[in-house]
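Trainee: Can we go through this model together? I'd like to begin with the overall numbers.

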Amino acid sequence: MDADDVTIREQNFHSQVREYTICFLLFAILYTISYFIITKYKRKPDDHEDEDAIVNRISLYLCTFTLAVSTGAVLLLPFSIISNEILLSFPQNYYIQWLNGSLIHGLWNLVSLFSNLSLFVLMPFAYFFLESEGFAGSKKGIKARILETLVMLILLGLLILGIVWVASALIDNDAASMESLYDLWEFYLPYLYSCISLMGGLLLLLCTPVGLSRMFTVMGQLLVKPTILEDLDEQIYCISLQEEALIRRLNGAHMTSFLKYDSEELEQELDVVRSKKSKLERRKKASAWERNLVYPVVMLILLSGTTISVLLVAFNILALLVDETAMPKGSQELGLGKASLSAFGFVGAAIEIILIFYLMVSSVVGFYSLRFFAALTPTKDDTTMTKIIGNCVSILVLSSALPVMSRTLGITRFDLLGDFGRFNWLGNFYIVLSYNLLFAVVTTLCLIRKFTSAVREELLKALGLNSLHLSSRTQESEKVLHSANGHQKSF
């Protein structure tokens, strides 16, 4: 009996070591990828090493950690779905025995823990550390800045705890709830993270429909459109003449005393013209397959993904009305590899994974398309650390809410594990039903607005209601370009 106990303990020990090793390797890969992504957008530092450079480097490491956790949260649900299908297809395969329910549970718990750590500790620390200078009268240096940052973190923590205490007391004022208010670990943090997840879900509800309609425009800018009834040679010739005229005006700017535009405006206009010329040349050089096949196929894929997402949400609304099991819920026991989560088996699981990634990409595109968050859009080699922190926090909130949104909308039937299934609002039928209805309605309206924009513009032109817009556009498009000999040319 003792020998059996020792054998079981050894097996548990080796299993835990194997799981920790796999988690560490996965996180190391995500951390490396995140580091290269951030350094691609981060503003290049000066060559000399000083106090600010050390602070920026520490903040960079914290932002990299947060972005790695965000990537892990995005991959969490697809990895769990594909693991279930693999174990279902190859239950006795020796080489995938490491893929088990304990590993999946551990990954969900680690992502939840690191998300809380990044959101409530690391990112506030990185921001306050960048803005700190040390208390007045104290000796300047790294230690003084760390001390000020820690004091600010403590004050911020007390403020947040006070807000949560008051909010929870106002919402639920019974004796059991008042007693639980004094339990920090079991009540405060899960309740606070539940509120953050609800905010992330609402942010996804706002960004995802906008992103789904915006994706058509973005892909249209990246791909080469078919040339139907267009003469690219004539357009390139006209834009080349316009470029030459601007170059002559820019070269003669220092020889004339009267100028309609200053040199900076001319340079900006020249950059726009050159950008248009490069796009036209790219369209001309593209092959017939790229022009006539790739663009329509990609547009059909985007339309199919959006349509399938809306249909799944519509079916989920019907399921919520007639079946209580359609409600999103958490699970403490994961029967991995026992039953497929989709009626179509592995193909259905693959479609679910593609839709989850598609919704995440659409939400990010929609996030940066909104005017309120457009200022956070990163620029290559010219993004400040403060803006990088804002981007990391935003991506973390969106990615942490992605598994919850996917389960709430019925994109997948995979039950939420760990702390993701402990959110209080997931058990509220009216919140879940309203969330599904809003997503379906807003997404449909955004798509209708997108595909009927050309028709609406023609109707406005016929009714003469867009005269103001037309006059401003005409003034911009019919700018008179002066040549060096004083004549005028318009294009």
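Trainee: What share of the residues is buried?
Mentor: Of the 491 residues in the protein, 40% are buried, meaning under 20% relative accessible area with a 1.4 Å probe, protein chains only, where exposed is over 50% and partly exposed lies in between. This is a predicted model, where local features need pLDDT of at least 70, side-chain atom pairs count only at pLDDT 80 or more, and totals for chains, interfaces and linings use all residues. Residues are numbered from 1 along each chain as its sequence is written, and side-chain values use heavy atoms, with hydrogens and water left out.

Trainee: And how many helices and strands?
Mentor: The protein has 14 helices and four strands, taken as DSSP runs (H or I, at least four residues; E, at least two) numbered from the N terminus.

Trainee: Which residues touch the most other members of the largest nonpolar core?
Mentor: Cys63 and Leu302, in a core of 84 residues. Such a core is a set of buried Ala, Val, Leu, Ile, Met, Phe, Trp, Tyr and Cys residues joined through side-chain atoms within 4.5 Å. Among the elements giving it two or more residues are H2, helix H9 (288–322) and helix H11 (385–408).

Trainee: What does Leu302 touch?
Mentor: Leaving out residues up to four places away in sequence, Leu302 touches Met215, Phe216, Met219 and Tyr358, a contact being heavy atoms within 4.5 Å.

Trainee: Switching to Ser70: why does Ser70 count as buried?
Mentor: Because its relative accessibility is 1%. Ser70 lies in helix H2 (residues 51–89). Beyond four places in sequence, Ser70 touches Cys392, Ile395, Leu396 and Ser399.
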